[in-house]
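Let us take a friendly walk through a protein model. Keep the sequence and the 3D view side by side as you read.

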Amino acid sequence: MFSESSDFSNYKSPMQQMYKRLIAVAGAQSDIFQELIGELNIGIYCFNKEGKFVYANEKIQQISGYSEQDLLQRHFFDIIHPEDQQIVKERGMKRVNTGEGIISYTLRLIAKDGSVRYTRISADRIILDGETYVLGFSFDATKQALIEQELETSKKKLTQETTFLDELINASPEAIVITDAYHIIKRINPAFTELYGYSTQEAVGKNINTLIAKNEELTEAENISEQIVNGKRQSKDSIRYHKNGNKIHVSILGAPVYIKKELVAVYGIYRDISSRYKYQEDILKSQQEMAMLMKNMPGIIYKCSYDESWTMRYLSSGCEYLTGYKPEELIDNRVAAFVDLILEADREPLKNLIDNTINQNMPWEAIYRIHTRHRGIIWVREVGHSVKNDSGEIEYLEGFISDYTEQHKAYAYKNVLFEISDLTIQATSPAELYHGIHRRLDKVMDTRNFFIALYDGEKDSIRLVYLADEKDSFGEYPAGKTLTGYLIKQGKSLLTDEEQILKLQDIGEVDMVGSPCESWLGVPLQIDHEIIGAIVVQSYEKGFRFTLEDQQLLEFVSEHVAIAIQRINYEEDLKRAKEQAEESDTLKSSFLANMSHEIRSPMNAILGFAELLKESDLEPELAEEYLNIVIKRSKDLMVLIDEIIDLSKIDAGIFKLNNSDILVNDLLKELHAFYQLEKKKREREQLDIRLNLPQEYNNTVMHIDVPRLNQVFNNLVINAMKFTKEGYIEIGYTIKKNVISFYVHDTGIGIPKDKQSIIFERFRQADESHTREYQGTGLGLSITKAILEKMGGRIWVESMPQKGSTFHFSLPLEETLFFPNKPENNIQEQFTTKSEGIPHSDILILVAEDDITNYRFLETLLKIKKLRCLHATDGERVLEIIKNKPVTLILMDIRMPNMDGLEATRELRKQGYDIPIIAQTANAMSDDRQLALDAGCTDYLAKPIRKEQLFKLLEKYL
């Protein structure tokens, strides 16, 4: 068996010697034997009859882990597992010793590293050189043995699990069903029978879905089964039905069962959750009720850490309503810390309060302010307590925060209203009142931007008498289309915001003045139904809005402010009135003394020269001189009386205007001609009376009371003549934006600056001394000012001593009567219509006058014009004469016995007579002119009648 050519000269060890002897035994087949052993990877070992190893090849060394030297020092039983040594003795050694043949079995070895190795051995007894040995072959069977062990273990386990599963299924309190891929029931457990009422015989072989599902649940059940068959595990709460038809709420768990990737079954587990469902329904209902309660609760339930920022760990849904922040934005300080919402001024007091109450192991109650995202600053009330662990350490704080704004406002409003009511009584000046109101309102509302405005209706302007504003600063400005002006003109409170203000701007109702605001609240100040101003608060803060409560508070305050302003004004008026009364006493005393002088001086001349005229032996030239003096001084006295009458009319409130149309340039030309004559009479011939008329306005027409306008010019020009000895006086005008501005400039003595403000006051003159050079009543300019104001105009003066004065007065010019170019019809023709072609011999004038002296005077004047006249002493006589005589014009006295002139005029017009009737009256204080025109009179003539005025009217109507 072994090759003879093998070289064994190098084998020295016992193993090598044994191997050499084995090769020698093999003889010629030694090479084949050697190769076969190598190919088969077989372990070969040999031990003597004492069991001691004499040979072990490399494979045996690998299996056992022992080296050649280790093995040669050991017996075969040294490496056998203790539990297998008895088997080896009984099966192996006994048979080898008796020579019963080859043995073959598996045993366990203990490797050098202590591990257990399984090996399959075959051994037989051999005799070499007369000695007995055991020769064995070994195969490593560890893997196979382990596999067999695992199979055995698995088999036992499977048997155990099968038994356990059967017991588990049967003992399970949950209903279990096993179906095939077609949903046919293969097995159910007793709990299934108990749940649904079906026995095993009734259920097995049936479709699980049609057995326990109905209606819409059947479709759902079939869908679940299909999902499971397709490999998708299903878990769902649903409804199934008992055998008796009762509805059962169940929780379903279904899953596929695969063996080698092949679906072999489907199991389903059903749990009765009816009680749980009811419990869940009860819980859900409770949760819904609690959620509704929490949602509707006007406040926040909170839980927070006891740290510097009171980090919120829980906030109820009321947080968003109260603060404008969602709970999740404040929890863990994600967007903001709750402590940052607390007003800085309130943080430290609040912290101290909470710390103190915690130290005393007591709950706390606190009222403080917070910034909200959507409502500005509000007041809140907090009640809370600390929660401690078993060690006494604080785990967290919890409590409830509610909106306390209304309660605080009510309390604060009550105090503020009381304080403001008291202030309106106690304040002694507007400044004290305004500042006090602002300071008190700041306690209950945002008044960082606050002002009180007073309205001037004549100028349509607003004056801010008190202002506190973060951005703007104003004094007085036109009301125009400002928001405050809009409020005043609407006459009611206005609560608005930026969006509404922009809408008002878009429709042209307002023009925004100043910085744009987010919220604006204004209420009118009103006294006796007259708007005198407004109180306004505004906010530039984004998202802030004033409330109706704020509006109601301001409305209450406005009533008290208006009353206080009225009271303070009354007090100031009384104070001024007292001062003025004291001054008036002085002025009136001066005025009466002056009046006495002004009246007695002309009367003295009139009476004196009238007495002289009675002398029959006067020379004609001297008589004419005396007569002229009487006439001149009579006119001076008449002017004085007219001024007193005008002043009385103004005081009595019966000063009215009678407007008519007049060409401005024509009027000034007539006045210029009159003043040229007047300067001669006043011996001011060296004065140059100038007229400056802009030619581009040559055809400008004014609708105005012409006599009153003449009176204004007369007062100004005659005054200029009085105070201007040389130089010139210039009259002119300019027009701008439908306002005509007249001026009278002189080069006279001028007026000191400190006297310019008093010359328009009654009884006041620039020189009020008893030694003054220039005489006069001091009424002319005050009457002039009153006339112009009545006409809608104003007057002012510019002057410097010794350099002259310029009196300006402006009047509104109606746009429809402004003609830059000459109109087609001459306006003047409207004023000078005349009856052409009537011979004087055909004109008959009826004079209705009950005073014979006045009649004689009129008769004399008419004779100068060579006109015939008739006399009637009352209205009844007028009607008789008109029926019988061809009267051309009537001079009708208003005050006559029996039937007065107004009644006679109305009767004549009623009868259809269109004769020109000129009313005449001496009652300058009444409104006779308008009464006469309303009765049907054509025109009006005031007594004393001047011949120039009479002749002008006769020329106009004859």
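Contact here means heavy atoms within 4.5 Å. Leaving aside neighbours within four places in sequence, Y733 is in contact with V664, N665, L668, N692, L693, P694, Y697, I740, S741, F742 and Y743. A word on the source: this is a predicted model, where local features need pLDDT of at least 70 and side-chain atom pairs count only at pLDDT 80 or more, while totals for chains, interfaces and linings use all residues. Residues are numbered from 1 along each chain as its sequence is written, and side-chain values use heavy atoms, with hydrogens and water left out.

Y733 sits in strand β25 (residues 728-736); helices (H or I, at least four residues) and strands (E, at least two) are DSSP runs, numbered from the N terminus. Is Y733 buried or exposed? Buried means under 20% relative accessible area, exposed over 50%, and partly exposed in between (1.4 Å probe, protein chains only). Y733 has a relative accessible area of 3%, so it is buried. Y733 and L691 are 42 residues apart in sequence, and their C-alpha atoms are 9.5 Å apart in space.

S810, in strand β28 (residues 804-812), is buried too, with a relative accessible area of 10%. Not counting residues up to four places away in sequence, S810 touches V739, I740, S741, G793, R794 and W796.

**Strands side by side**

Strands of a sheet pair through backbone hydrogen bonds, either parallel or antiparallel. Here two strands count as a pair if DSSP finds at least two bridges between them.

| Strands | Bridges | Partner residues |
|---|---|---|
| β3 (residues 103-110) and β4 (residues 116-128) | eight | Y105 and I121 |
| β16 (residues 450-456) and β17 (residues 461-468) | seven | I452 and Y466 |

β3 and β4 form a hairpin with five residues between them, and G114 in the turn has a positive phi of about 95°. The hairpin of β4 and β5 has two residues between its strands, and D129 in the turn has a positive phi of about 55°.

β16 and β17 also belong to an open sheet of six strands, with antiparallel pairing and the order β18-β17-β16-β21-β20-β19. Which strands are at the edges? They are β18 (476-478) and β19 (494-497), each of which pairs on one side only.

**One face of a helix**

In helix α28 (residues 928-935), the buried residues are D928, A932 and A935. Seen down the axis of α28, they fall within an arc of 65° (the arc of the directions from the helix axis to the C-beta atoms), so they line one face of the helix. These buried residues pack against α27 (901-910), β32 (917-921) and β33 (939-942). Just after α28 comes G936, with a positive phi of about 120°.

Rolling a probe the size of a water molecule over the atoms shows where empty space is left. On a 1 Å grid over the protein atoms alone, a pocket is an open set of points where a 1.4 Å probe fits, with protein on both sides within 12 Å along at least five of seven lines; lining residues have an atom within 4 Å of a point. Of the 28 residues that line the second largest pocket, the closest to its centre are I377, V444, M445, D446 and F544. α16 gives the most to this lining, with four residues.
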